[in-house]
Amino acid sequence: MGYNIMNFSAASSSLIGTQTNNIHNNKLQKARSSSSSSFSLNTTRHRHYHRQLHLHFQSSDVIPLRSSYTRSLSHSSMTVKAVAQTEEPLRVMISGAPASGKGTQCQLITKKYDLVHVAAGDLLRAEIETGSENGKRAKEYMEKGQLVPDEIVVMMVKDRLLKPDSVENGWLLDGYPRSLSQAIALKELGFEPDIFILLEVSEDILVERVVGRRLDPVTGKIYHLKYSPPETKEIADRLTQRFDDTEEKVKLRLNTHHQNVEAVLSMFKDITIKINGNASQEDVFTQIDASLTTLLEQRKSSSESMVA
């Protein structure tokens, strides 16, 4: 690192010549040799929006100058304060029971906040289709009717979160982690959210939403007999119901979900925002949007107070 030398004072304007030059040369040499111990570098990674890098240097004779420094001058001493700011994108996890409306909310969140939507199920299907090593291993378990081991899915999620678009734009992790072991694995890999959104919907509404759900095998569109009925009788006649969209099956799935989500919440209880998912799609998003906006405002306020 190069340094510029300024603000030196002479004992007398009449001291000219070799003696004066020697004095200044000696001071210059001394300042250069001790510069590494003359300032302290304190780096604080502020995970709520900015990294702050503060360099403090005090000397009556030698000041390191850089374009990003804010200089504060006093009579015989000068302080240089450097602030390097790097915006950190949002990292969001969202969880909700089957039929909680999580898919719709993910679309609305990613559209407004330009986050990368990461869903473990989609990753799994994509890996299988591309024939990757992880995909081949996952397919073997699925063909045997077994659950895909956590380590395989965790590696898929890790690889996706490390892609440039996720790193630069931030990510929305949809319905994952689903267990405490998955949450711990992600944390050990360095992936922690800024906020954990939990959609809470009463069980009777969830059952009604699931049992009334129908699939159009021709278009792949999902309908609901009460909330989103088919447009024509022709479509209605060809609709099918998933084998597990029955009241008995959905209650079993809900029990499993509640057990798993409670364990996951224990990891993120300090950053969890519970959203009333019984409301309309618009009202649910209004709640989520308000929470994300508040988080960003808090980041900005905290960052400004640190820079001041």
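Trainee: Which residues make the contact?

Mentor: Contact means heavy atoms within 4.5 Å. On α3 they are Leu-124, Glu-127 and Ile-128, and α4 brings Asn-134, Gly-135, Ala-138, Lys-139 and Met-142. By class that gives 4 nonpolar, 2 polar and 2 charged residues; Ala, Val, Leu, Ile, Met, Phe, Trp, Tyr, Cys and Pro count as nonpolar, Asp, Glu, Lys and Arg as charged, and the others, Gly among them, as polar.

Trainee: What should I keep in mind about the model and the numbering?

Mentor: The model is predicted: local features need pLDDT of at least 70 and side-chain atom pairs count only at pLDDT 80 or more, while totals for chains, interfaces and linings use all residues. Residues are numbered from 1 along each chain as its sequence is written, and side-chain values use heavy atoms, leaving out hydrogens and water. Helices (H or I, at least four residues) and strands (E, at least two) are DSSP runs, numbered from the N terminus.

Trainee: In what order do the strands of the open sheet run?

Mentor: Strands of a sheet pair through backbone hydrogen bonds, either parallel or antiparallel. Two strands count as paired if DSSP finds at least two bridges between them. Here 5 strands go β6-β7-β5-β8-β11, with parallel pairing. β6 and β11 stand at the edges with a single partner each, so one side of each has no neighbour in the sheet. From one strand to the next, the twist averages 20°. Helix α2 (residues 102–113) packs on this sheet, touching β5, β6, β7 and β8, and its direction makes about 160° with that of β5.

Trainee: Is Lys-158 buried or exposed?

Mentor: Buried means under 20% relative accessible area, exposed over 50%, partly exposed in between (1.4 Å probe, protein chains only). Lys-158 has 19%, so it is buried. This lysine lies in helix α5 and, leaving aside neighbours within four places in sequence, is in contact with Leu-189 and Phe-191.

Conventions: Axes fitted to C-alpha atoms, helices over the stretch in contact; angles between N-to-C directions.
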